[in-house]
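Please read the following report alongside the sequence and the 3D view.

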Amino acid sequence: MSTQAINSIRRILSIFQTSEGEVRPHFIVTGPSGSGKSHTIACLADELDIHMLEINAAALTKEGTAGNSLSKALAPLTQLGNRLVICFVDEFDKLFISGNTNSALAHETTNGVQNEFLKVLEGSASVFGDYGKYINIKTDNVLFIFAGAFNGEENIDLDRLREFGIKTEFLGRVGLAYGLEKVSLVEMKNILENSKLLANYLELVPEAKEKHVVSSIMKVLTDNYENNTIGVRMINTLIHQYFIDGGLQEKAVKKTTFQKTLALK
């Protein structure tokens with residue numbers, strides 16, 4: 001990972017917390033699949049004891065269109081009162097369909113979602129409440145973080161984000177961007193050894209030896225490092241497999257946990 005980027009992000013979250021939400025430097029996190037974008041934010045939020053709400057932008061639809069609109073995705077905010085909240089918007093890049101001129105409806109929908117985010121960033125939102133009624137809530141205690149792979153490009157700046165299709169008005173409100181690199185094996189081992197999920201399993205299955213579990217999982221991660229495009233999420237998957245299946249079977253691991261890649265003809 002990029003140490004400088006992580007330090008900057010930690011600084012932003014600290015400012016947000018210390019100012020009690022008065023200062024909200026919304027930002028964008030880029031990086032290839034497997035760079036630990038959501039994991040990094042989740043760990044920092046946990047470290048600072050800030051509640052985190054995660055929504056998937058790829059699943060969002062324009063208000064009035066069937067599906068999961070932004071007003072529905074933000075509904076959990078009604079249960080959090082005046083607590084400080086980090087809203088992590090994953091797969092934000094999926095809202096942009098650069099080069100696709102065959103789907104006017106898709107473009108209208110994703111463009112509409114971006115416009116709805118503009119309103120929310122101003123400090124208020126209309127969210128889906130009980131019995132299908134809409135409730136107006138304040139979002140001035142929410143820090144928004146938008147994350148995406150953006151084709152795995154490196155050193156993405158605001159000009160490049162604009163080329164992807166992000167509105168100038170949006171970047172005027174979310175004007176910071178940080179890029180993360182693919183998580184190294186050393187970092188993965190550190191994450192694995194400090195995993196709460198692993199600790200829970202070891203408590204449930206006392207006969208399992210932590211050193212052997214870590215060694216087995218790290219061997220799989222090492223052997224498949226180049227093909228692992230899911231990154232940190234694979235650690236939990238492998239932990240579950242180890243304890244549920246009584247070990248890691250090579251064929252099962254390859255079949256269920258690592259994405260295949262294709263070469264151009």
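## Terms and basis

Axes are lines fitted to C-alpha atoms, for helices over the stretch in contact, and angles run from 0 to 180 degrees between N-to-C directions. Helices (H or I, at least four residues) and strands (E, at least two) are DSSP runs, numbered from the N terminus.

This is a predicted model, in which local features need pLDDT of at least 70 and side-chain atom pairs count only at pLDDT 80 or more, while totals for chains, interfaces and linings use all residues. Residues are numbered from 1 along each chain as its sequence is written, and side-chain values use heavy atoms, with hydrogens and water left out.

## Two helix pairs

Helix α8 (residues 196–204) packs with helix α10 (residues 233–245) at an angle of about 10°, and their axes are 10 Å apart. α8 is therefore roughly parallel to α10, a label given to angles under 35 degrees, whereas those over 145 count as roughly antiparallel, 65 to 115 as roughly perpendicular and the rest as oblique. In contact, which means heavy atoms within 4.5 Å, L197, L198, Y201 and L202 of α8 meet N236, I239, H240, F243 and I244 of α10. These residues divide into seven nonpolar, two polar and no charged, where Ala, Val, Leu, Ile, Met, Phe, Trp, Tyr, Cys and Pro count as nonpolar, Asp, Glu, Lys and Arg as charged, and the others, Gly among them, as polar.

Helix α7 (residues 185–193) packs with helix α9 (residues 210–223) at about 145°, with the axes 11 Å apart. On the α7 side the contact is made by L185, M188, K189, L192 and E193, which meet E210, V214, I217, M218, L221 and T222 of α9. By class, this contact has seven nonpolar, one polar and three charged residues.

Strands pair if DSSP finds at least two bridges between them. Five strands form an open sheet in the order β2-β5-β8-β1-β9, with parallel pairing. At the edges lie β2 (51–56) and β9 (176–179), each of which pairs on one side only. From one strand to the next, the twist averages 20°.

Within this sheet, five bridges join β5 (residues 85–90) to β8 (residues 142–148), and C87 has F144 in β8 as its bridge partner. Helix α1 (residues 3–18) packs on the sheet and touches β1 (27–30), β5, β8 and β9, its direction making about 140° with that of β9.

## A hairpin

Strands β6 (residues 124–128) and β7 (residues 134–138) run antiparallel and are joined by five bridges. S126 has N136 in β7 as its bridge partner. The two strands form a hairpin with five residues between them, and Y131 in the turn has a positive phi of about 60°.
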